[in-house]
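Opening the notebook on a new model today.

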Amino acid sequence: MTTELDALVIGAGFAGMYQLHCLRDRLGLNVKALEAGGGVGGTWYWNRYPGARCDSESHVYWYTFSEALMNEWEWSERYPGQAEIMRYLNFAADKLDLKKDISFNTRVTSARYDDAANRWHVGTENGESYSVKYLVTAVGCLSTANVPKFPGLENFKGDWYHTGQWPHEGVDFTGKRVGMIGTGSTGIQAAPVIAAQAKHLTVFQRTANYSVPARNAPLASEFKQYVKQNAKGIRAATRETLNGMAFKIEDRKAVETPAEERETLYEAAWERGGLQFRATFQDMMVSKEANDTAADFVKRKIRSIVKDPSVAALLSDIDHPYAAKRPPIDTDYFETYNRDNVTLVDVKSKPIVGISEHGIVTDDGEYPVDIIVFATGFDAMTGPMLRLNLTGRDGVALKDVWESGPRNYLGLQIAGFPNLFTITGPGSPSVLCNMPVAIEQHVDWISQCIEHMRDNGLETIEAKPEAVDQWVAEVNELANKTLLPQAKHSWYLGANIPGKPRVFMPYAGGMVRYRETCDDVAAKGYEGFALA
Ligand code: NA7
């Protein structure tokens with residue numbers, strides 16, 4: 001039995017939920033969403049590890065398309081935690097009555113374009129099949145967990161978990177020796193919480209990382225009131241910044257600011273906490289000299305917090321510019337290394353060679369542990385798309401089209417894959433932007449495009465190969481104007497996955513320019529797309 005629909009949305013996180021709402025309630029299409037998880041929430045459904053929290057502040061981390069939703073919700077903390085975000089997304093799904101049109105526990109395993117019928121045939125793990133005109137992927141950027149292939153893991157006698165596939169019932173670390181691999185945003189959030197409960201925590205660090213205090217706190221009732229009264233203004237502010245946040249990147253340059261004044265400004269930003277640290281100077285991400293001033297400041301902070309000089313040296317031996325990898329923010333991360341029950345192991349100089357029955361084995365010997373936590377990240381951006389096994393026109397597989405890296409137009413469409421739209425994938429600002437802002441822009445654009453097609457009796461829209469070539473070149477050029485590609489181990493570059501092509505994947509030109517480009521393309525009759 002094949003279910004015939006106008007459209008199918010893959011995923012029911014922030015993106016899939018809004019896309020379902022737009023296509024069903026604004027355009028009146030016959031549409032469904034398929035979701036691998038047992039509920040809505042996307043990344044927040046899976047990432048239930050201790051300390052999981054959003055790095056965007058709560059007053060900008062929500063839907064802004066509906067005043068009713070904004071009026072009825074109130075966040076409790078400066079940064080929303082995983083459980084509160086799940087409550088919010090369930091609240092939104094219920095308000096919009098979305099769940100009745102979402103199939104949960106339904107993983108898409110194939111999607112094939114049928115040239116003759118101009119339909120997408122979509123298959124699921126459960127053996128269901130769908131035939132649809134429009135297919136929209138809302139699969140997130142960080143949904144394909146990366147568990148490194150360490151030999152011997154299958155023989156490990158303890159328990160192991162990847163942070164992105166965390167058990168719903170939680171993990172009790174009481175009295176346990178825990179080994180955690182990875183010091184990205186996730187490891188940096190998890191370490192203090194695990195250390196507070198476990199008998200011992202050993203952190204295995206390959207690349208030392210910067211982190212700035214988050215300074216999370218409950219929101220004061222005055223601030224909650226301010227958000228309620230200024231919701232529209234806050235929304236407008238997030239549409240005017242490069243990164244979809246409500247704060248502006250300062251106009252001043254680090255290289256033109258006297259050292260003493262610079263130090264005062266960094267100190268104030270450190271005290272304020274959060275991703276805003278990156279906005280202290282406008283040249284921080286384009287000038288190595290400017291960036292070095294921030295890098296040096298954070299490294300000095302690390303050395304002042306961590307009491308053991310050899311541990312402090314390892315933690316501050318950072319090999320990339322500040323924020324060239326996704327910059328973490330934390331609650332007591334560096335302070336955690338002052339605890340008696342925490343050990344740092346350098347696996348850059350002495351790599352992990354395997355897992356034994358009883359622990360983690362490096363070039364230096366065996367570290368016995370009861371539980372291994374893999375905070376080892378994701379096959380980012382392309383991973384979730386490739387896992388869908390997409391086949392376009394003439395039976396061409398996406399994995400072949402993207403063999404040397406992602407190729408698309410505006411990050412929205414792939415040549416040879418008609419009527420397939422991707423939300424916040426590679427080639428779009430996505431992970432360099434506050435995600436709900438990027439998602440709302442993409443979903444609005446896609447929905448208006450489908451409406452345009454319907455109103456004009458059009459059957460297919462497809463990116464032109466020459467538009468793809470130009471877009472890929474522009475994405476590369478914009479990245480190369482920044483320091484972002486200089487972090488050799490970054491998941492932005494695919495460098496965390498062995499064998500993955502090294503291509504800087506997100507669009508680094510900023511959300512404002514990106515939005516203007518997409519609007520301009522639409523205003524010019526969808527320039528760069530073939531419409532038929
Ligand atoms: P990240 O940022 O990709 O971090 C993964 C960490 O795991 C990082 O420190 C890696 O070291 C480490 N890692 C990965 N593979 C290995 C192996 N084989 N050996 C040792 N260490 C390894 O993932 P996160 O989950 O922390 O964050 C992902 C995003 O989620 C985050 O940026 C936010 O946008 C939200 P490496 O740096 O590669 O040397």
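**Ground rules.** I am working from a predicted model, where local features need pLDDT of at least 70, side-chain atom pairs count only at pLDDT 80 or more, and totals for chains, interfaces and linings use all residues. Residues are numbered from 1 along each chain as its sequence is written, and side-chain values use heavy atoms, with hydrogens and water left out.

**Interface.** I find twelve residues of domain 1 in contact with 14 of domain 2, contact being heavy atoms within 4.5 Å. The two domains bury about 1200 Å² between them, 53% of it on carbon and sulfur atoms; that is the accessible area (1.4 Å probe) lost on putting the two parts together, summed over both. On the domain 1 side, Arg 48, Tyr 49 and Pro 50 supply 48% of the buried area, more than any other three residues.

**Polar links.** I checked for salt bridges across this interface and the rule gives zero (a Lys or Arg side-chain nitrogen within 4 Å of an Asp or Glu carboxyl oxygen). Four residue pairs are in polar contact, both at pLDDT 80 or more (N or O atoms within 3.5 Å; within protein, one able to donate a hydrogen and the other to accept it, and residues adjacent in sequence counting only if both atoms are side-chain atoms).

**Ligand.** Where does the ligand lie? Both domain 1 and domain 2 give residues to the shell around the ligand, so it lies between them. I count 19 residues around the ligand, the closest being Thr 183, Thr 186, Arg 206, Thr 207 and Lys 325; the cut-off is a heavy atom within 4 Å.

How values were computed. Domain bounds come from an automatic or database domain assignment.
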